[in-house]
Amino acid sequence: MDSIAETGTQMTYKQFQEIADTLLAQDERYAIPYFNAAAIKNMKAATTVDAQTKQVADLDVWDSWPVQDVKTGEVVNWNGYQLVVAMMGIPNTNDNHLYLLYNDYKDNNFDNWRNAGSIFGYGLDAITQQWSGSAIVNSDGTIQLYYTNVDTSDNNSNNQMLATATLTLAVENGQVVIKSVDNNRILTPKGGDGYYYQSYKQWRATFTGADNIAMRDPHVIEDEDGQRYLVFEASTGTQNYQGENQIYNWKNYGGDAAFNVSSLFDILANEDMRIRASFANAAIGIVRLTGNEKTPSIAQYYTPLLSSTMVSDEIERPNVVKLGGKYYLFAASRLNHGSNDIAWNKANEEVGDNVVMLGYVSDKLTSGYKPLNKSGVVLTASVPADWRTATYSYYAVPVEGSDDTLLVTAYMTNRNEVAGKGKNSTWAPSFLIQILPDGTTRVLAKMTEQGDWIWDASSETQTTVGTLETSYLPGENDGYIDWNLIGGYNLKPHMPYKPTDPTPPHTPENPDKPDTPTPDSPTPNTPTPPNKGQGKVPNVPAIAKAGILPTTRDSDNSLVATIGFAILASMTAYVAYGGYKRKYQ
């Protein structure tokens, strides 16, 4: 058994800035490929009986995960089927529950997916919800589900707890059916343990509206010794707790003295940034399991694999993949849950979204993770958040027979019909990324139909491949996003498209000039790109143009730091918090 690590990996303010810079550069190695908006369909299997209303409805489908082999992470062939668990619910409704979806193994036809129904039955309510997790096959063929049990009874907050249940399935008349759900049990009734991970009681005691809570998204994995662990999203506990003192902790910055001092004063000069930095304490945690495979319990808590005190308050949906003898940790994040308002606001203005996938690598499962691509960036947004083809909740699945290639799955984020009436949130096309020996990654020019979880010779298609000009629906390219509504998924719906006579395009009084293509990256016959967010985007080819990732400077200058802190000592009290509020989930 590994000993507890003294410290976990810290995501620094410098790395956060570099991630945002990579997103702005639309570097082709990391930019999410463009999808053809006209080819995107609602999921037929999402028209089903709703768990809350018990009525047939067209449901949104978002966070999803396959039933996987606990050691390899590969999608399991369960009696000739591939199985996927998905969060689903009626649009514009507080309806968050889990469903079991299935298809013939290796069938990549999106329309062939079928729905076995709500895992926890019907007549459910919004008070108790079920969020993301993972699933594996037990030795007797039952499915062990790990998920997030969410209790919202405490004044509409969300008390998140890691939970597990055993699903007994059967095949009847060519259909997968849920026969029973047993051993449904909560593993973390207090939320975090308090020391390594913030408990619900700790969070509730200081909650002001600006603080995100997390104890969710359990991902189960087994090491080479047969020991099982859960990796999950959390918030740091008293071992490395949130607080205004973290603003003065030099290790949270990660740059040279000039960068650190400049960033420190940026934070102190901006009330919103100061509040965010004080509360930011997102972490990716790990616990060791013990007990029977169907009735596990937590044997040991470990220091977080990754923490981001002062930097980010949400790094979610982790999954760990073992490739070539190394462990790769991936997670999704929205930069607008970070403390660097300057960076993520610029991403919103120039690209129109700020979502990313992060990646880290270690020689062992329980500690020692280092960021891929120096900053941790693996994927960056490439279209505005309210377009039909915007994506999130990235989940990396191993490709059978490969030790360096992963299939990235996601969902189209237009929940609540933000892309138009009847255009529900749906599974996105999947695509490949490659991990290179030097710890860098790149997006490969390989794409699937929607909802393909298993890459094989029949997976690749051109149907879903898009360009910047085909990645939005008519009426979406309006150059406007209501960011006040996006945080809670209540995006402003686009008005129905009505063809009109052509009119001369409106020219802003002071338009931003697009970047000039470099000689080695020609863009012949490239149409003028649409507005994204509140500004112009640079001219880019079908796959976003390459840029150079800034390097991280680790040097420190104690003299400059001392001067900076001396100046700080003379500063007066700050303006009080005035009602800033972030979404829960």
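Start by selecting helix 5, residues 341-350, in this predicted model. Colour D341, A343, W344, A347 and N348: these residues of helix 5 are buried. An α-helix has 3.6 residues a turn, so residues three or four places apart point the same way. With that spacing in mind, look along the helix at the buried positions, among them W344, A347 and N348. Then step just past the end of helix 5 to G352, where phi is positive, at about 100°.

Next, go to the loop that runs between strand 19 (355-362) and strand 20 (370-371), and pick S367 there. Is S367 buried or exposed? S367 counts as buried because its relative accessibility is 9%, and the cut-off for buried is under 20%. Show side chains here: that of S367 makes a polar contact with the side chain of K364, at 3.4 Å.

Now select strand 9, residues 143-151, and centre on T148. T148 has a relative accessible area of 0%, so this residue is buried. Which backbone atom lies 2.8 Å from a polar atom of the T148 side chain? It is the backbone oxygen of S132. To see the surroundings of T148, display the residues that touch it from beyond four places away in sequence: Q129, Q130, W131, S132, Q160, M161, M215, R216, D217 and P218.

The nonpolar cores come next. Of these, the largest has 132 residues, and L83, L145, L379 and Y394 have the most contacts inside it. Strand 5 (residues 81-89) gives the most to this core, contributing seven residues. Zoom in on L83 and show its contacts, leaving out residues up to four places away in sequence. These are W65, P66, V67, W78, L100, L101, Y102, I143, L169 and V176. Another core, of five residues, lies apart from the largest one; to find it, select V383, W387, A390 and L468, which are among its members.

Key:
Residues numbered from 1 in each chain as written. Predicted model: local features only at pLDDT ≥ 70, side-chain atom pairs only at ≥ 80, totals over all residues. Heavy atoms only, no water. Helix = DSSP H or I, 4+ residues; strand = E, 2+ residues; numbered from the N terminus. Buried < 20%, exposed > 50% of the residue type's maximum accessible area, 1.4 Å probe, protein only. Polar contact = N/O pair within 3.5 Å; in protein donor to acceptor, adjacent residues only side chain to side chain. Contact = heavy atoms within 4.5 Å. Core = buried A, V, L, I, M, F, W, Y, C linked by side-chain atoms within 4.5 Å.
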